[in-house]
Amino acid sequence: DVPSIAALGSICGLGLVLAASRRSAGIPVEIEEDPFQVSTADEVSLGQIEARPGNVLVAVRHPDSLAHVVAAMKIAGDRDIVAVTVRLVDDDGAAGATSTRSERYLFSQVVALTERYATPIRLLIVPAHNVFDGAIAVALKLQSSEVYVGESSTLSAGDQARLLGEAWERAEKSAEKKLRLVIYHHSGRTDAFHLGAHPPELSPGDLDLI
């Protein structure tokens with residue numbers, strides 16, 4: 001009859017409202033991700049991030065500019081890959097113990113690429129006074145064989161190579177240490193430079209199409 005149907009509808013509606021309110025009460029407003037471990041350049045070691053010597057280091061900074069990460073994954077072979085982002089700090093600035101929201105988002109985009117291409121990548125945040133010194137310091141500590149960087153929107157490839165070369169010259173290293181720098185362009189072209197070659201000036205290497 002009509003009254004019974006109306007009563008049943010009211011009971012079902014009340015049940016749905018209570019269930020919905022219970023579910024919404026159980027979900028926090030914001031879910032904080034587990035922080036990434038932050039290490040200073042002096043503390044970075046092969047054992048800390050389980051990277052073998054000869055690894056490929058990929059410097060990441062912008063979540064919408066990660067094509068060079070894919071390029072590094074394609075050429076790495078059986079070498080380990082480490083993605084590093086440099087956190088800029090002042091002389092007296094503290095690095096902080098946890099990752100920032102923007103760093104977590106950046107790494108989430110990197111992780112999405114690793115899942116798509118089924119290639120594991122170690123993640124690292126390194127505080128430094130500038131991105132060039134930070135990248136070179138990590139490459140030396142991890143005994144990397146190559147460093148991949150994306151094309152800059154404000155610097156030419158030559159300027160990028162020059163600044164990384166100057167950071168290389170400032171860094172403490174053995175005389176026989178060498179490093180291959182690869183700058184990945186938006187067009188898909190890569191410019192390769194060899195750091196530590198003799199004479200010590202930065203010299204352009206091969207040009208590859210990927």
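Ala 118 lies in the loop between α4 and β3. Helices (H or I, at least four residues) and strands (E, at least two) are DSSP runs, numbered from the N terminus. The model is predicted: local features need pLDDT of at least 70, side-chain atom pairs count only at pLDDT 80 or more, and totals for chains, interfaces and linings use all residues. Residues are numbered from 1 along each chain as its sequence is written, and side-chain values use heavy atoms, with hydrogens and water left out.

Ala 118 is not a glycine, yet its phi is positive, at about 55°. The residue is exposed, with a relative accessible area of 68%. Exposed means over 50% relative accessible area, buried under 20%, and partly exposed in between (1.4 Å probe, protein chains only). Gln 143 also belongs to a loop, the one between α5 (131-141) and β4. Its phi is near 55°, again a positive value in a residue other than glycine. Gln 143 counts as partly exposed, at 37% relative accessibility.

The chain as a whole was examined next. Its secondary structure comes to six helices and seven strands. Along the sequence they follow the pattern α-α-β-α-β-α-β-α-β-α-β-β-β. Of the 210 residues in the chain, 38% are buried. The accessible surface comes to about 12100 Å², and carbon and sulfur atoms hold 57% of that surface. Accessible areas come from the Shrake-Rupley method with a 1.4 Å probe; for residues, only the protein chains shown count as cover. Contact means heavy atoms within 4.5 Å. Among contacts between residues at least 6 apart in sequence, 70% join residues at least 24 apart.

Helix α4 covers residues 101-117 and has 17 residues. The expected span of a helix is 1.5 Å times one less than its number of residues. The buried residues of α4 are Glu 103, Arg 104, Leu 106, Phe 107, Val 110, Leu 113 and Thr 114. Their cover includes α3 (67-75), β2 (81-88) and β3 (122-128).

In α3, the buried residues are His 68, Val 69, Val 70, Ala 71, Ala 72 and Met 73. They pack against β1 (56-59), β2, α4, β4 (146-150) and β5 (179-184). His 68 has a relative accessible area of 3%, so it is buried. Beyond its neighbours within four places in sequence, His 68 is in contact with Val 58, Ala 59, Val 60, Tyr 148, Val 149, Gly 150 and Tyr 184. Just after α3, Gly 77 takes a positive phi of about 65°.

Two packed helices are described by the angle between their axes and the distance between the axes. The axes of α3 and α4 come within 10 Å and cross at roughly 35°. Axes are lines fitted to C-alpha atoms, for helices over the stretch in contact, and angles run from 0 to 180 degrees between N-to-C directions. Val 69, Val 70 and Met 73 of α3 meet Leu 113, Thr 114 and Tyr 117 of α4. By class, this contact has five nonpolar, one polar and no charged residues. Ala, Val, Leu, Ile, Met, Phe, Trp, Tyr, Cys and Pro count as nonpolar, Asp, Glu, Lys and Arg as charged, and the others, Gly among them, as polar.

Ala 167 is found in helix α6 (residues 157-170). Its relative accessible area is 2%, so Ala 167 is buried. Not counting residues up to four places away in sequence, Ala 167 touches Phe 132, Asp 133 and Ile 136.
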